[in-house]
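My notebook is open and the model is on screen.

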Amino acid sequence: MFPIIAQIPKAELHVHLEGTLEPEMMLNKASKNGVALPYRSVNDVRKAYRFSDLQSFLDLYYLGVSSMVDKNDFYDLAMAYFKKASSQNVRRAEVFFDPQAHTRRGIDFSTVINGLHDAAIDAQDKYEISIGLIMSFLRDLPEESAMRTLEEALQYKKWIIGVGLDSKELGNPPEKFINVFKRARDEGLMAVAHAGEEGPAEYVWSAIKLLKVSRIDHGYHIFDDDRLSLKVSQERIPLTTCPLSALRLNHIVPLNSFPIRNMIEHGFVPTINSDDPAYFGGYINENYMALGTELGLTLDEIIILAKNSVFASFMSYEKKRDMYEEIDMTLMELIENERRIS
Ligand code: HPA
Ligand code: ZN
């Protein structure tokens, strides 16, 4: 099982670039930019990463983000993630960024998007990876702020594949963002949203019905509602689940209760993702591995999860077909190699 996890080509569809900020880079950038952080060492930073819930994580996430100031900072952040992802055989990455986490502290939108876009271009040149940027709105801010952000982003529309919705879920239901999501979809952008992470099943209903999202990010509370479960499975609306994130934020504890096998058996389309790997103790392969170890995932289940990530991505039909084929070839080669050795 373990070689297949590392070797299988896969897509990552739920990762926040700001959540890939490793403590070393955070401290370097803070020191370069003269930003005061309450940490003196990498060890201090890691010690602070004990979360009780989503909000306790978000507090440290936004603090960490404050170390990033210029275009190079955003470039370095994204490039480090693309390099790491590529080393884990991620061939397609659809990554979130949170412009309002920067513009609200005085950083220009253009600084953020130029740094991230340049990194995406260079990474696609240098590594075997294709990249899509998803601009996420902070749901604890008003819709007007999201709309201003979208209007500013539209001049860079060709650099963005879609919009998302993240940050504090409880008390900030999807219906707050109907207008901005409609405007984004009318402009040809795809829509996804975090829903049912800490919020109730009703938030997933409204993300689907009112925001018309193509995927649900997390979605753990879908299973509280039988009618919703039926809809999500029958319509094959993909779920971007994040095992180590769910564990560390106390959404699903212990990890061996993570319902991935149930989802597969009941016709859902779950995918495995890292969410905020620098904070939750692992990139995508560590997430596959943690579930693999805890649940004893079979080879078939791992292949299904990798294929789900291709199905759920926003790649073209042709690229999806090529990647399915590549997954099957990787599996075949692995099995033949093992036979030769034994
Ligand atoms: N949930 C909500 N908002 C976030 C997350 C998350 O897991 N990561 C970064 N912003
Ligand atoms: Zn997330």
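Predicted model: local features only at pLDDT ≥ 70, side-chain atom pairs only at ≥ 80, totals over all residues.

**The sheet**

I began with the strands and found an open sheet of eight, paired in parallel and ordered β1-β2-β3-β4-β5-β6-β7-β8. I then looked up the edges: they are β1 (10-12) and β8 (270-272), and each of these pairs on one side only. Ignoring direction, neighbouring strands in this sheet are turned by 25° against each other on average. A reminder from class is that the strands of a sheet pair through backbone hydrogen bonds, either parallel or antiparallel.

**β2 next to β3**

I moved to strand β2 (residues 90-97), which runs parallel to β3 and is joined to it by six bridges. I picked out one pair here: Arg92 has Ser130 in β3 as its bridge partner.

**Strand β4**

How many residues of β4 are buried? I checked the strand, residues 162-166, and five of its five residues are buried, so I wrote it down as mostly covered. Next I asked which way the residues of β4 point. Gly162, Gly164 and Asp166 point one way, while Val163 and Leu165 point the other way, and all are buried.

Then I looked at the neighbour on one side. Strand β3 (residues 130-138) pairs with β4 in the parallel sense, over five bridges. Leu138 has Asp166 in β4 as its bridge partner. To get from β3 to β4 the chain passes through helix α8 (residues 143-153), and this β-α-β crossover is right-handed.

**From β4 to β5**

On to strand β5 (residues 190-195), which pairs with β4 in the parallel sense over two bridges. I found Ala191 in β5 as the bridge partner of Val163. The chain gets from β4 to β5 through helix α9 (residues 178-186), and I noted that this β-α-β crossover is right-handed. I also saw that Gly162 stands opposite Met190 in β5.

Is β5 mostly covered or mostly open? I noted it as mostly covered, with five of its six residues buried.

**From β5 to β6**

β5 and β6 run parallel, and four bridges join them. Val192 has Arg215 in β6 as its bridge partner. I looked for the helix that goes with this pair: β5, α10 and β6 make a right-handed β-α-β unit. Helix α10 (residues 201-209) lies across β5 and β6 (215-218), and it runs at about 175° to β5.

Which strands does helix α15 touch? I traced residues 284-295 and saw the helix pack on the sheet, where it touches β1, β2 and β8. Its direction makes about 110° with that of β1.

I zoomed in on Met289, which is found in this helix, α15. Met289 has a relative accessibility of 30%, so I put it down as partly exposed, since that class lies between the 20% and 50% cut-offs. Leaving aside neighbours within four places in sequence, Met289 is in contact with Phe2 and Ile5. I also looked up Ile302: it and Met289 are 13 residues apart in sequence, and their C-alpha atoms are 9.9 Å apart in space.

**Ser86**

My next stop was Ser86, found in helix α5 (residues 71-87). Why does Ser86 count as buried? Its relative accessible area is 17%, and buried means under 20%, so Ser86 is in. With neighbours within four places in sequence left aside, I found Ser86 in contact with Tyr127, Glu128 and Ile129.

**Empty space inside**

Last, I went looking for gaps. Rolling a probe the size of a water molecule over the atoms shows where empty space is left. I got a count of one cavity of 30 Å³ or more. About 110 Å³ of space lies in the largest cavity.

What lines the largest cavity? I noted 15 lining residues, of which His16, Phe57, Leu58, Ser167 and His194 lie nearest its centre. Helix α4 (residues 54-65) gives the largest share of this lining, five residues.

Definitions and conventions
Residues numbered from 1 in each chain as written. Chains lettered and ligands numbered in written order. Heavy atoms only, no water. Buried < 20%, exposed > 50% of the residue type's maximum accessible area, 1.4 Å probe, protein only. Pairing = 2+ DSSP bridges. Right-handed = clockwise from strand over helix to strand, strands pointing away. Axes fitted to C-alpha atoms, helices over the stretch in contact; angles between N-to-C directions. Contact = heavy atoms within 4.5 Å. 1 Å grid on protein atoms, 1.4 Å probe; cavity = no way out; pocket = protein on both sides within 12 Å on 5 of 7 lines; lining within 4 Å. Points joined across faces, edges and corners; volume = space filled by probe spheres on them.
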